[in-house]
Amino acid sequence: MLYKDFKTSIKSLGFLSIEDFMKYIGVTSTDVLKWEEKDDVPYTVSLIVHLLKGEKNLPNDSALDNVIEECLPLASLLEESSSFPHKLEEMFLLQKQLNDSTNGKNWELGINRFGKDINWLRCIHMEVAELIESTPWKHWKNINAQPDMNNIHVELVDIWHFLMSYILQETNVPKAVSLVNTHCIYEAVEDVDVKAMVKESEKLSYISLAIETGNMPTFSGIERFIDQFFRCCKISGLSFTWLQKLYIGKNCLNKFRQDNGYKEGSYIKEWNGREDNVVMVEIIETMDNVSFDILYEELTKAYSKCK
């Protein structure tokens with residue numbers, strides 16, 4: 001819907017001003033300014049206008065309000081999910097490029113270019129432990145501490161790196177995208193149950209160990225992995241959109257580390273008292289769309305100040 005048609009429609013619906021309509025659907029003046037600049041109103045808002053059209057007076061039926069309130073997040077999510085296959089393909093290709101550059105060609109055979117065995121299952125198992133370490137799970141120490149949700153999300157992204165690598169070891173990029181695509185459509189919770197999050201995260205370790213010990217077939221294990229991973233994202237409050245942004249950020253940081261002596265041991269991980277992960281997150285929080293190249297430039301600038 002064009003912005004000018006939108007203005008005409010809301011007047012015909014009985015709203016005295018755009019501000020009244022903004023309050024009704026719960027959007028901000030910033031949102032409306034963006035619509036006006038683009039001369040385009042989001043599909044979900046157009047949907048609400050069409051639902052309301054035909055009524056002489058502004059509906060105040062609580063049942064209709066509830067339907068709109070319930071449908072709006074779902075409609076937004078479905079609209080957003082149309083971009084998920086492209087984002088998944090981008091992530092899998094970036095992961096393959098990173099593995100090719102750090103481990104050498106044919107890393108899918110389980111050995112890197114230095115003759116070192118690659119065990120993605122063990123990697124996942126160890127990252128799960130780091131995730132749990134970001135919660136107050138210990139009964140003998142810091143029992144009233146708060147979970148570090150920012151780091152938990154970073155650890156989930158690390159797990160995602162290794163899970164994608166494991167999937168790519170067993171199949172190709174198009175098949176990988178097909179396997180994962182339907183699992184990306186979910187609403188991340190806002191109120192995180194830390195105990196439930198820890199238990200669900202531990203299941204990723206159980207799947208790793210089950211495959212490693214031959215108690216679960218590889219392919220069915222991959223499907224279980226994918227399902228369980230996105231369950232963990234959901235209950236930890238990590239949306240797919242933020243997962244993708246963090247992934248691009250962490251992938252770029254991993255490349256940056258490798259280019260600056262990480263494997264050789266000369267890389268500086270603490271940047272003026274802050275870990276490089278923290279600096280990376282601060283940078284991507286300022287970016288609407290995370291660009292690998294622009295982020296790499298920003299990391300280079302920040303790193304030069306701590307050397």
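User: How many aromatic pairs does a search of the whole structure find?

Analyst: This is a predicted model, in which local features need pLDDT of at least 70, side-chain atom pairs count only at pLDDT 80 or more, and totals for chains, interfaces and linings use all residues. Residues are numbered from 1 along each chain as its sequence is written, and side-chain values use heavy atoms, with hydrogens and water left out. Rings of Phe, Tyr and Trp (its six-membered ring) pair if their centres lie within 6.5 Å, and planes under 30 degrees apart count as stacked, over 60 as edge-to-face and the rest as tilted. On these terms, the number of aromatic pairs found in the whole structure is 22.

User: Is the pair of Trp137 and Trp140 stacked or edge-to-face?

Analyst: A pair of aromatic rings is described by the distance of the centres and the angle of the planes. For Trp137 and Trp140 the centres are 5.6 Å apart. The planes stand at 90°, so the pair is edge-to-face.

User: Which helices does the pair of Trp160 and Phe230 tie together?

Analyst: Trp160 and Phe230 form an edge-to-face pair, with 5.5 Å from centre to centre and 65° between the planes. Helices (H or I, at least four residues) and strands (E, at least two) are DSSP runs, numbered from the N terminus. Trp160 and Phe230 are both buried. The pair ties together parts that are 70 residues apart in sequence, because Trp160 lies in helix H8 (residues 149–170) and Phe230 in helix H11 (residues 218–235).

User: Which residues form one aromatic cluster with Trp160 and Phe230?

Analyst: Trp160 and Phe230 belong to one aromatic cluster.

User: Within what arc do the buried residues of H1 fall?

Analyst: In helix H1 (residues 3–12) the buried residues are Tyr3, Phe6, Ser9 and Ile10. They line one face of the helix, because, seen down the axis (by directions from the helix axis to the C-beta atoms), they fall within an arc of 115°.

User: Which helices are among what covers the buried residues of H1?

Analyst: Lys4, Thr8 and Lys11 are exposed on the other side of H1. The cover over its buried residues includes helices H2 (18–25), H3 (29–38) and H4 (43–52).

User: Which element gives the most residues to the lining of the second largest pocket?

Analyst: A pocket is an open set of points on a 1 Å grid over the protein atoms alone, where a 1.4 Å probe fits, with protein on both sides within 12 Å along at least five of seven lines; lining residues have an atom within 4 Å of a point. The second largest pocket is lined by 31 residues, with Trp120, Cys123, Phe162, Gln258 and Tyr262 nearest its centre. Helix H6 (84–103), helix H7 (120–133), H8 and helix H12 (240–259) each give two or more residues to this lining. The most, with 7 residues, comes from H8.

User: Is His161 buried or exposed?

Analyst: His161 sits in helix H8. Contact means heavy atoms within 4.5 Å, and, leaving aside neighbours within four places in sequence, His161 is in contact with Gln95, Leu98, Tyr247, Lys250, Asn251 and Asn254. Its relative accessible area is 4%, so His161 is buried.

User: What is the relative accessibility of Leu204?

Analyst: Leu204 is in helix H10 (residues 194–212). Beyond its neighbours within four places in sequence, Leu204 is in contact with Ile124, Val128, Ile159, Phe225, Gln228, Phe229 and Cys232. Leu204 counts as buried because its relative accessibility is 1%.

User: What percentage of the residues of the protein chain count as buried?

Analyst: The protein chain has 14 helices and 2 strands. Its C-alpha trace spans about 75 × 50 × 45 Å along its principal axes. Of its 307 residues, the part that counts as buried is 43%.

Notes: Buried < 20%, exposed > 50% of the residue type's maximum accessible area, 1.4 Å probe, protein only.
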